[in-house]
Amino acid sequence: MHNTVEICKDLYYVGGNDRRIALFESAFPVPRGVSYNSYLLLDEKTVLFDTVDVAVSELFFENVEHVLNGRKLDYLVVHHLEPDHSASFARLLEKYPGVTVVTCQKARMMLANFFGFRGENVIVVKEGDALSVGKRTLKFVSAPMVHWPEVLFTYIPEEGILFSADAFGTFGALAGGIFADEVNFERDFLDDARRYYFNIVGKYGVQVQNVLKKAAGLEIKLVCPLHGPVWRENFAWYLQKYDTWSKYQPEERGVAVFYSSVYGHTQNAAEILAAAIAQNGVTNLKMYDVSVTHVSELLAEAFRYSHVVFCSTTYNNGIFISMEHFLRDLGAHAYQNRKYAVVENGSWAPQAGGYMKSLIGEWKNMTEVGETVTLLSAVNEETLEKLKALGKEIADDIKMKKE
Ligand code: FEO
């Protein structure tokens with residue numbers, strides 16, 4: 001049965017939720033599911049903004065049919081070709097053969113590659129183009145590499161509505177409330193929003209900054225992303241998060257201690273270090289065993305804090321497997337602009353610290369606090385004192401007034 005929501009006059013939510021999916025993009029656990037948003041506008045022309053993943057396509061087609069209520073579908077605006085939004089494209093065209101596809105040139109090429117679509121019923125738009133659909137105008141904003149090259153936003157100036165593709169999206173299915181002001185977003189969605197941003201869009205901070213500059217020139221009253229809640233209140237708060245994230249600035253002053261430990265000795269060192277940081281007055285402190293917590297969560301937490309500590313045992317004359325995976329993932333997402341410290345362990349030839357610092361050395365604007373603490377198998381009296389001293393240095397640095 002259809003399940004639609006009127007978002008504002010003439011605009012309807014026609015997407016759906018998937019809570020059975022284990023891994024989004026075969027990579028990211030989504031224990032709270034994910035929503036695939038699609039929107040249908042009824043003006044003098046009818047306009048569908050994107051389709052949905054196959055997982056929710058049955059409901060989607062029921063929703064579209066219900067909202068159209070016998071009207072024909074005039075336009076399909078394709079903002080993004082990733083299949084979580086385009087997978088129902090071919091079936092939509094079968095069902096509504098008269099629809100005109102509105103998209104950019106790059107997306108048109110991708111439609112041919114994904115679906116063999118070479119139809120003539122296409123309006124190719126570019127930055128600044130406008131299309132009147134009756135009382136409203138669709139103005140198109142190019143958002144390349146946020147996070148694919150073809151990405152397009154649509155802005156409706158008459159009502160200040162922005163269709164923002166993946167930008168401002170989040171993991172987490174919608175639980176009844178469709179608007180961010182109907183849910184406790186900070187409590188229930190922010191961690192997933194941060195994890196979504198950094199894992200999926202985070203590599204492209206410069207491009208996000210470019211699009212935020214364009215958005216700053218628009219009067220925005222309603223933001224309709226392709227995942228997660230719709231924003232109609234307090235969007236400036238979320239926009240500020242995006243600004244911070246895309247500038248690679250820490251969101252919070254505090255520290256995340258990440259460790260990998262085979263038999264517990266490196267964990268013991270990490271715990272001693274964390275205790276020293278806490279005893280020196282830092283309350284914003286997190287600890288993660290990188291072999292246990294999913295790397296997508298580790299990545300988001302590393303981006304969240306001003307300070308990070310990496311503690312790894314030496315393994316195969318290098319970094320422990322899960323820590324190396326994590327560090328390489330950070331590098332791949334342009335991690336930068338943080339303070340860090342390193343602890344290494346090795347029973348006969350400690351090497352992990354040097355290798356970790358060599359990877360960190362490839363990242364921009366990383367500043368080490370203190371010196372690497374090297375353990376030989378287990379913490380002893382000497383390394384205990386070094387860990388406590390490093391903990392104090394880290395705490396003092398965190399508490400230092402931010403320049
Ligand atoms: Fe939600 Fe980039 O697809």
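Author: Val 141 stands opposite Phe 153 in S14, in a model that is predicted. Strand S13 (residues 137–142) and strand S14 (residues 152–156) run antiparallel and are joined by four bridges; strands here are DSSP runs of E with at least two residues, helices are runs of H or I with at least four, and both are numbered from the N terminus, while two strands pair if DSSP finds at least two bridges between them. Residues are numbered from 1 along each chain as its sequence is written. Local features need pLDDT of at least 70 and side-chain atom pairs count only at pLDDT 80 or more, whereas totals for chains, interfaces and linings use all residues, and side-chain values use heavy atoms, with hydrogens and water left out.

Both strands belong to an open sheet of five strands with mixed pairing, in the order S12-S13-S14-S15-S16. At its edges are strand S12 (130–132) and strand S16 (222–224), each of which pairs on one side only. Neighbouring strands of this sheet are turned against each other by 20° on average, direction ignored; the axes are lines fitted to C-alpha atoms, for helices over the stretch in contact, and angles between N-to-C directions run from 0 to 180 degrees.

Another open sheet, also of mixed pairing, has seven strands in the order S1-S2-S7-S8-S9-S10-S11. Strand S1 (5–8) and strand S11 (122–124) each have a single partner strand, so one side of each is left without a neighbour in the sheet; the twist from one strand to the next averages 25°. Within this sheet, strand S9 (residues 75–77) pairs in the parallel sense with strand S10 (residues 100–103) over three bridges, and Leu 76 stands opposite Val 101 in S10. Helix H1 (residues 57–68) packs on the sheet, touching strand S2 (11–13), strand S7 (39–42) and strand S8 (46–49), and its direction makes about 10° with that of S7; contact means heavy atoms within 4.5 Å. Helix H4 (residues 105–115) lies across S10 and S11 and runs at about 125° to S10.

Among contacts between residues at least 6 apart in sequence, 72% join residues at least 24 apart.
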